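Here is a friendly walk through one model, written for someone who likes to know the cut-offs behind each term. Have the viewer open as you read.

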Amino acid sequence: MKYSRLTKEQFEEMHQEFINFLATQSITAEEWKEIKQTKPEVAEKELDVFSDLIWEGVLNKVEYLEHFSPNQMFLFHITAATINLIAVKVESQDIDITSKAGYNWLRNNLMDDAVTIFTSTKAMSDDRNKDIFALIRQGANITKGELYQYFQEVVQE
């Protein structure tokens, strides 16, 4: 398995897609029930293959990721060749940017001495999706990139 198995909830949400996946392999609902009962290792393998297919489809579309911690924000822009990072660090332990008040403080005090903004670019490895998945496993969330684009403007000023 290349990524991770989907959760029970994710499988439930993708019930129809999983049925279609089984159908492409000429596995009927009755056959699937029998496979689960008599060949659980085969059923497990099918779940893993389906999970990887779903992850591949999702990861192929990712352009932006965000990861927040109480005093840091990591904003990623993923291109075909690079992972571009804008990182924001707040040096004050009194400010938690994961809270509404802390985030508002950051928005209003970007030029404060307690705020450090830096950028970095890293070349994409041979396996783009695996690089993205590693960031997601570390806690990053897929976004539309509004925050990255906002901070890109700030950095360029």
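## The sheet and its strands

Leu 75 has Ile 86, in S3, as its bridge partner. This is a predicted model, in which local features need pLDDT of at least 70 and side-chain atom pairs count only at pLDDT 80 or more, while totals for chains, interfaces and linings use all residues. Residues are numbered from 1 along each chain as its sequence is written, and side-chain values use heavy atoms, with hydrogens and water left out.

Strands (E, at least two residues) and helices (H or I, at least four) are DSSP runs, numbered from the N terminus. Two strands pair if DSSP finds at least two bridges between them. With that in hand, the sheet can be read off: 5 strands form an open sheet in the order S4-S3-S2-S1-S5, with antiparallel pairing. S4 (115-123) and S5 stand at the edges with a single partner strand each, so one side of each has no neighbour in the sheet. From one strand to the next, the twist averages 20°, where axes are lines fitted to C-alpha atoms (for helices over the stretch in contact) and angles run from 0 to 180 degrees between N-to-C directions.

| Strands | Sense | Bridges |
|---|---|---|
| S1 and S2 (residues 72-78) | antiparallel | 6 bridges |
| S2 and S3 (residues 82-90) | antiparallel | 7 bridges |
| S1 and S5 (residues 141-143) | antiparallel | 3 bridges |

S1 and S2 are also joined by a hairpin through 2 residues. Across this pair, His 67 stands opposite Phe 74 in S2. On the S5 side, Leu 65 stands opposite Ile 142. As you look along a strand, remember that in a regular strand the side chains alternate between the two faces of the sheet.

## Aromatic contacts

Rings of Phe, Tyr and Trp (its six-membered ring) pair if their centres lie within 6.5 Å; planes under 30 degrees apart count as stacked, over 60 as edge-to-face and the rest as tilted. By this rule there are 10 aromatic pairs. One of them is the edge-to-face pair of Tyr 3 and Phe 133, at 5.0 Å centre to centre and 65° between the planes. Tyr 3 lies in the segment before helix H1 (8-13) and Phe 133 in helix H6 (residues 128-137), so this pair ties together parts that are 130 residues apart in sequence.

Are these two residues buried or exposed? Tyr 3 counts as buried at 6% relative accessibility, and Phe 133 is buried too, with a relative accessible area of 7%. Buried here means under 20% relative accessible area, exposed over 50%, and partly exposed in between (1.4 Å probe, protein chains only).

The rings of Tyr 64 and Tyr 148 have centres 5.7 Å apart and planes at 50°, so they make a tilted pair. Tyr 64 sits in strand S1 (residues 64-69) and Tyr 148 in helix H7 (residues 146-156), which links parts of the chain 84 residues apart. Tyr 64 counts as buried at 10% relative accessibility, and Tyr 148 does at 6%.

Phe 11, Phe 18, Phe 21, Trp 32 and Phe 50 form one aromatic cluster. Leu 6 lies in the segment before H1 and counts as buried at 7% relative accessibility.

## The pocket and the cavity

On a 1 Å grid over the protein atoms alone, a cavity is a set of points where a 1.4 Å probe fits but cannot get out, and a pocket is an open set with protein on both sides within 12 Å along at least five of seven lines; lining residues have an atom within 4 Å of a point. Grid points are joined across faces, edges and corners, and a volume is the space filled by probe spheres set on the points.

The largest pocket holds about 320 Å³ of space. Its lining has 16 residues, with His 15, Phe 18, Leu 22, Trp 32 and Lys 36 nearest the centre. Helices H2 (15-24), H3 (29-38) and H4 (40-61) are the elements that give two or more residues to this lining, and H2 gives the most, with 5 residues.

What lines the largest cavity? The residues are Tyr 103, Leu 106, Arg 107, Leu 110, Tyr 150 and Phe 151, around about 30 Å³ of space. Helix H5 (100-108) gives the most to the lining of this cavity, with 3 residues.
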